[in-house]
Amino acid sequence: MKIPSNKTFLAGSELSYVAEVIAGGNIGSDGRFTRACARLLEERYSIQKVVITPSCTAALEMAALLCDIGPGDEVILPSFTFASTANAIVRLGALPVFVDIRPDTLNLDERLVEAALSPRTKAIVPVHYAGVACEMEEIVSIAKAHNLFVIEDAAQAVDAFYQGRALGSLGVLGAYSFHSTKNVACGEGGALCINSDDLVERAEIIRDKGTNRGQFIRGEVDKYTWVDVGSSYLPSELVSAFLFGQMEMIEWSTKRRRRICRLYNEQLSTLEEQGLLRLPVIPDYCESNYHLYYVLLPEEETRDRLLRHLNQQGIGAATHYVPLHSSPMGQNLGWKDPLPVTEMVSECLLRLPVYPDMTEGEQLYVIRAVCEFLQKGALQVARKPELVTAVG
Ligand SMILES: *Cc1c(COP(=O)(O)O)cnc(C)c1O
């Protein structure tokens, strides 16, 4: 059996939507489908303004520009994340300040944020790992108290909620990803969520090469020109047509993923009781989109052996994130402080396959391979109990 780590689902409508665009003759930006995607996200998730972008990376870059992040500024973010979260800041000459993660949700530890602030801190970038929300109430209140921007890296968090509110709608800005590995996918794609009226006009300009072409198209000015810094953060209508087909199926996709993750939880809970691994933690005020499923092994060696075992059986299990602070670029930036939880999680985490079309047969094959390996090895494994018991 061959089970990939993930696989894009097809809604079925994508091809006809793309054909519609081609037949209409305008494959450029901001046509009917790009606008429909933005409207769908605004309405379903109560976001003030959404603009579709070519990637989440692009949306994060726009967010950093909109916050006027620049040389000398510091930005708080986790080290346990993808390079794009930090690149958006570093490329503007600002300094990332890495904060450790919570051992339960693996998200930015809000209890450590205040100690990491300095007079130069400009923004906090919480990353909602696996579609589970950061402690946004605390993060937003720290930001308010210190007059900082909150930019949510919600790349993995479309259709996920915190206290009933959609992720991406809670910070001043939020960024979604529609990369082929994400829950809703169009190959490469993203969106910027703008939750402040003050930033809407400038976002439109930055997204369109620093010009006021949007105002020209609406007839508000009689010619358009260069008015601000910008880039090309516009997706082609061809891509948006595909994306719209996917978006119509978001809730179905989340439901399928939920079922798969719950079956993993059910079937692996005995191993957790035996102290052989730890399952994901989702606080009850968080509604996950089940973007990915992971287990934490007691130590790196067991994780690596289980990874090889599963890969040999044709199962696309995978690790996640070399922490940014210990990466070559992080070291170039001169980062010295250890981040113990981040480092432990990076060594012990293993992702198991999740995709909406995964069959129960495929899933039981994965579960059996994990159980067999860990239970057979249970007697030899030297446990590292603090990870398993730290969270309870
Ligand atoms: C996927 C991802 C990104 C980048 O998204 P792209 O759409 O590929 O640019 C950024 N941050 C996190 C946390 C991600 O998971």
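View 1. Serine 46 sits in the loop that joins helix 2 to strand 1 (49-53); helices (H or I, at least four residues) and strands (E, at least two) are DSSP runs numbered from the N terminus. The model is a predicted one, with local features needing pLDDT of at least 70 and side-chain atom pairs counting only at pLDDT 80 or more, while totals for chains, interfaces and linings use all residues. Residues are numbered from 1 along each chain as its sequence is written, and side-chain values use heavy atoms, leaving out hydrogens and water. Most residues other than glycine have a negative phi. Serine 46 is not a glycine, yet its phi is positive, about 50°. With a relative accessible area of 60%, serine 46 is exposed (exposed is over 50%, buried under 20% and partly exposed in between, with a 1.4 Å probe and protein chains only).

View 2. Tyrosine 290 is buried, at a relative accessible area of 11%.

View 3. Helix 2 covers residues 32-45, and its 14 residues should span 20 Å at 1.5 Å a residue, which agrees with end C-alpha atoms 20 Å apart; the expected span is 1.5 Å times one less than the number of residues. Its buried residues are Phe33, Thr34, Ala36, Cys37, Ala38, Leu40, Leu41 and Tyr45. Helix 2 packs with helix 9 (residues 237-247) at an angle of about 35°, the axes being 7 Å apart. Axes are lines fitted to C-alpha atoms, for helices over the stretch in contact, and angles run from 0 to 180 degrees between N-to-C directions. The crossing of helix 2 and helix 9 is left-handed (the near helix is turned anticlockwise from the far one by less than a right angle; clockwise is right-handed). The contact (heavy atoms within 4.5 Å) includes Phe33, Cys37 and Leu41 of helix 2, and Ala241, Phe244 and Met247 of helix 9.

**View 4. Helix 14 beside helix 10.** Helix 10 (residues 250-273) packs with helix 14 at about 20°, with axes 11 Å apart. That makes helix 10 roughly parallel to helix 14; angles under 35 degrees count as roughly parallel, over 145 as roughly antiparallel, 65 to 115 as roughly perpendicular and the rest as oblique. Helix 10 passes helix 14 in a right-handed crossing. Among the residues that meet are Ile260, Tyr264 and Leu268 in helix 10, and Gln363, Val366 and Leu374 in helix 14.

**View 5. Helix 14 beside helix 11.** Helix 11 (residues 300-312) packs with helix 14 (residues 360-377) at an angle of about 135°, with axes 10 Å apart. Helix 11 and helix 14 are therefore oblique to each other, and their crossing is right-handed. Thr302, Arg305, Leu306, His309 and Leu310 in helix 11 meet Ala369, Val370, Phe373 and Leu374 in helix 14.

View 6. Methionine 358 is placed between strand 12 (349-352) and helix 14, and at 2% relative accessibility counts as buried. Leaving out residues up to four places away in sequence, methionine 358 touches Ile3, Arg256, Ile260, Tyr264, Pro353, Gln363 and Val366. The C-alpha atoms of methionine 358 and proline 4 are separated by 9.5 Å, although these residues are 354 apart along the chain.
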